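Welcome, and please take a look at the model below. The notes after it are meant to be read side by side with the view.

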Amino acid sequence: MSMPFYVAPEQVMKDRADYARKGIARGRSLIAAVCADGILLCAENPSATLRKISEIYDRIAFAGVGRYNEFDQLRVAGVRHADLKGYSYSREDVDARSLANAYAQALGQVFTHEMKPLEVEILVAEVAHEGGRDQLFHILYDGTVIDEPSRAVLGGDAEAIADRFEAAHDTSASTTDVLAAAVAALAGPDRTLDAEAIEAAVLDRSNGRRTFRRLTDEEITAAIAATSTEARDEGADEVEPAPVEVPVGEVDVDQVDAVLEDDVDDDD
Amino acid sequence: MTLPMFGTHDDPGPDFAGLVRRVGLAPDHPTQALPAGLGVPHGTTVVSIRYADGVIMAGDRRATSGHLISHRTIEKVFPADRFSGIAIAGAAGPAVEMVTLFQLQLEHYEKVEGSHLSLEGKANQLSQMVRNHLPAAMQGFAVVPIFAGYDLSRGAGRLFEYDVTGGRYEEQDFAASGSGMLHAGTVVKLGYRPGLERSAVVDLALRALWTAADEDSATGGPDARRGIWPIIATITADGYQRVPDTELAERFAALLEDDDAARSTAAPAGGSIS
């Protein structure tokens, strides 16, 4: 009979944490920030179809970094949790705090009991009916929950990005301005990011029942262009950029998350 | 509540009704026939008509239990999602439950999959729900919906009728369901023209409900005293939009005036036969 090796629990946990952190650090980062109209979520994501940011419920969004299949599984579980809760109680009983706790338990369980921890960091955001009461829950790979007041940065390069973003972030600024600041913070001083490399969505307070709305590439391009023009104006003489046209008032049929009418099953 | 997590082989996917069953929240079907006099409210008379911009759905507001009026303001027309609607006739409780589940099913699919179902897919989903409801229908809780929507890929309105077994029938021009369907359907059939404008189709739907209410005791007419008007909604490229009560009140007043005018210009009753 072979003798099991003794490994101190501290060592086990440390090894797991290192493993998870390494996995997360390989991916690109993500910013969530409170703005005047609601909560903006913005991620560096070269894929147009595999999404890091998604809708969970009427006022709740999800964002994840790290291993795609792992955070996507958590996302679907969150949608199920929220939809089941809304179905068995009422839509207003679905809240981000309880969802964040459920995520924290699931992640903590896997971290302590499974061979391999989940290599993810996730965010649950809930927009309030009025400003100033929005909630951001940042949940780490080991189930640690951090309740952030106005902004959260997830991912491997989080600290550097957070430092850059903190200086530029104004919670009373418009979505466009906060988006531009977030893109600049994600890019850092040495590179620029195109709209195609950015995935962005907003939980917009004025959007009716389902507040989640994805921003189109055109909107992102416009936001980036607006601020780079400002920067150029300060720096003077450079070529005028091509004007970006944003379609206004057009029904975007691909926008799955488009607003339902206000009265859609509000009366349950 | 813990997170509902499933293994890869038994994952319910984007199926919300399946998820509800799996976690034990689905209601049991009744095993016995409904005792006489239990008084389950029934809703009646809904119509749906295709017109120039899409489709229109309309339903009266009355629910009856036997010969009694149990509700005067019940709703029988609902948005299913942004581009489709569902109208119901039959046992009110299970019908409203089916609507709720159907709405959630579509939204759940959309969120889990990241894209929405085609109109055809939505119609088929509802077909399955009606079929699953068959055991309850056999016990006296029949639900017969109409599903209509704007098909974004075709750029046109489409409408579907169902029977209690889940049979799904796409209708070309219009559909009616419920106890007043015969009268409402006839009015629509006589007044229908391809490519009707919005105002004309609202009038036609109103007249259909008005006639059904006149002939069928289980269908409620407009109630100006209480301010209860039918629920009428259009579904077009702009999505599901309820026609406001104020507009319906005006249209009804115009409709009654037309009737009075028609009556006064007609030959006086009891005239001589020559």
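Predicted model: local features only at pLDDT ≥ 70, side-chain atom pairs only at ≥ 80, totals over all residues.

Residues are numbered from 1 along each chain as its sequence is written, chains are lettered from A in the order in which they are written, and side-chain values use heavy atoms, leaving out hydrogens and water.

**Interface of chain A and chain B**

- The contact (heavy atoms within 4.5 Å) draws on 39 residues from chain A and 38 residues from chain B.
- About 3100 Å² is buried between the two chains, with 61% of that given by carbon and sulfur atoms; buried area is the accessible area (1.4 Å probe) that two parts lose on being put together, summed over both.
- Five salt bridges (a side-chain nitrogen of Lys or Arg within 4 Å of a carboxyl oxygen of Asp or Glu) are counted between chain A and chain B.
- A:Arg91 and B:Glu107 form a salt bridge, and their closest N and O atoms are 3.1 Å apart.
- On the side of chain A that touches chain B, the elements giving two or more residues are β3 (53-57), α2 (68-88) and α3 (96-113) of chain A; here helices (H or I, at least four residues) and strands (E, at least two) are DSSP runs, numbered from the N terminus.
- The largest share of that side, 14 residues, belongs to α2(A).

**Sheet β3-β4-β5-β6-β7 of chain A**

- Five strands make an open, antiparallel sheet in the order β3-β4-β5-β6-β7 (chain A), where strands pair if DSSP finds at least two bridges between them.
- β3 and β7 (145-148) of chain A stand at the edges with a single partner strand each, so one side of each has no neighbour in the sheet.
- Four bridges join β3(A) to the antiparallel β4 (residues 60-66) of chain A, and A:Glu55 has A:Ala61 in β4(A) as its bridge partner.

**Sheet β8-β1-β2-β9-β10 of chain A**

- Another open sheet of five strands has the order β8-β1-β2-β9-β10 (chain A), with antiparallel pairing.
- Its edge strands are β8 (151-154) and β10 (212-214) of chain A, each pairing on one side only.
- Strand β1 (residues 30-35) of chain A pairs with β8(A) in the antiparallel sense over four bridges, and the bridge partner of A:Ile31 in β8(A) is A:Val153.
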